[in-house]
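Please consult the sequence and the model alongside the points below.

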Amino acid sequence: MPSKIDFDNLSFSIMPADTMFLGRCKAEGIWDKGAYLPYGNISISPAAGVLNYGQGLFEGMKALRTKTGKLVLFRPAENGKRLAEGAQRVCMPAFPVDKFVEVVCEMVRRNAGFVPPYGKGSLYIRPCLWGTGAVLGVSPAPEYTFMVYASPVGLYFKTGFKPIKLEITREFHRAAPKGTGGVKFIGNYGGVMLPAQKTKANGFSECIYLDAREEKYIEEVGAANFFCVKGQTLLTPKLGSILPGITRKSVMQIAREVMGLTVIEKSLPVEEALAADEVFCSGTAAVVSPIGSITHEGRETVFNDFKVGKVTQALYDHLTRIQLCEEEDRFGWVVPAA
Ligand SMILES: *Cc1c(COP(=O)(O)O)cnc(C)c1O
């Protein structure tokens, strides 16, 4: 057991948990029963579809330890469904959703010693689906691998919320209309490294991408979904070329059904977002991340004096409390892993 882990100084870097899962699918979508193996390198053909043509998807989820010591997951079947839907888009066999949830739960049990103590972080879980069979032409691989590995990560906001500074990029697009932006396709991520590097060099945390057709509407933030609050209305870009975040979906449901806000999904013009009262983004890692300012065409718009807005705070509190079993789980989102 990993007694050597310094749970007080975890960051978001890989410190692999002992056990990983590996399953293979050779033909017609029939998966073998797979195996739990010691974390380590895997052997793969140089002609693997994933290496040559990027035929791959990933997921990101986290296991938490509650105050009473239970190990829990948040909506794991949603990650399984998203992976299965993405598989269709890139011609891969789906990994069954029930089996997905079973494997993820078993990974948490087997790596329980790597789940940080209550309040110190989470066990980040990374399921992957790859075309690992050898192919020469651009076509689907003859064999697939489903892998799951995990790593403890620290709290996203160690010293409390700090509203971030973002910049709207006109230099890059993340996703094209009718492209692959709506799935957690590995090929979408290599392309956002340069924009992220450039915006960070300018002092911003991340950049906001606009729609590729008109460059008028906000799409999303790096790997997080975008929201803004105006009065009693919560607005967020509609699905299409953005990634359908599970946190996004959960935030919308809490806003509508718990907080009584009006929730609107639509093409969200930049000007409308810049005129909002509060702005934030959402994703598994940070849950909800307040945005303090957005710079667009050289002009910075500050929101709520760089302080965390009331709605943003309430959504963050409610969602994180559900995740830690400190709030009634009225939607049945929390799944015990052990
Ligand atoms: C993963 C991801 C998100 C957030 O999704 P969650 O399910 O909430 O973690 C948002 N945008 C992109 C591009 C992503 O890859």
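Cys325, which follows helix H8, has a positive phi near 60°. The model is a predicted one, in which local features need pLDDT of at least 70, side-chain atom pairs count only at pLDDT 80 or more, and totals for chains, interfaces and linings use all residues. Residues are numbered from 1 along each chain as its sequence is written, and side-chain values use heavy atoms, with hydrogens and water left out. Helices (H or I, at least four residues) and strands (E, at least two) are DSSP runs, numbered from the N terminus.

- Asn304 lies in the loop between strand E18 (299-302) and H8, and its phi is positive, near 50°, although the residue is not glycine.
- With 37% relative accessibility, Asn304 is classed as partly exposed; buried means under 20% relative accessible area, exposed over 50%, and partly exposed in between (1.4 Å probe, protein chains only).
- Phe306 is placed in the loop between E18 and H8, and this non-glycine residue has a positive phi near 65°.
- The relative accessible area of Phe306 is 32%, and Phe306 is therefore partly exposed.

**Helix H8**

- H8 contains 14 residues and reaches 20 Å from its first C-alpha to its last, close to the 20 Å expected at 1.5 Å a residue; the expected span is 1.5 Å times one less than the number of residues.
- Its buried residues are Val311, Thr312, Leu315, His318, Leu319, Thr320, Ile322 and Gln323.

**Packing of H6 against H8**

- The axes of H6 (residues 246-257) and H8 (residues 310-323) come within 10 Å and cross at roughly 110°; axes are lines fitted to C-alpha atoms, for helices over the stretch in contact, and angles run from 0 to 180 degrees between N-to-C directions.
- H6 and H8 are therefore roughly perpendicular to each other, a term for angles of 65 to 115 degrees.
- Thr247, Ser250, Val251, Ile254 and Ala255 of H6 make the contact with Leu315, His318, Leu319 and Ile322 of H8, where contact means heavy atoms within 4.5 Å.
- By class, this contact has 6 nonpolar, 3 polar and no charged residues; Ala, Val, Leu, Ile, Met, Phe, Trp, Tyr, Cys and Pro count as nonpolar, Asp, Glu, Lys and Arg as charged, and the others, Gly among them, as polar.

**Helix H3**

- The end C-alpha atoms of H3 (residues 97-110) are 20 Å apart, in agreement with the 20 Å that its 14 residues should span at 1.5 Å a residue.
- Among the buried residues of H3 are Phe100, Val101, Glu106 and Met107.

Notes: Angles under 35 degrees count as roughly parallel, over 145 as roughly antiparallel, 65 to 115 as roughly perpendicular and the rest as oblique.
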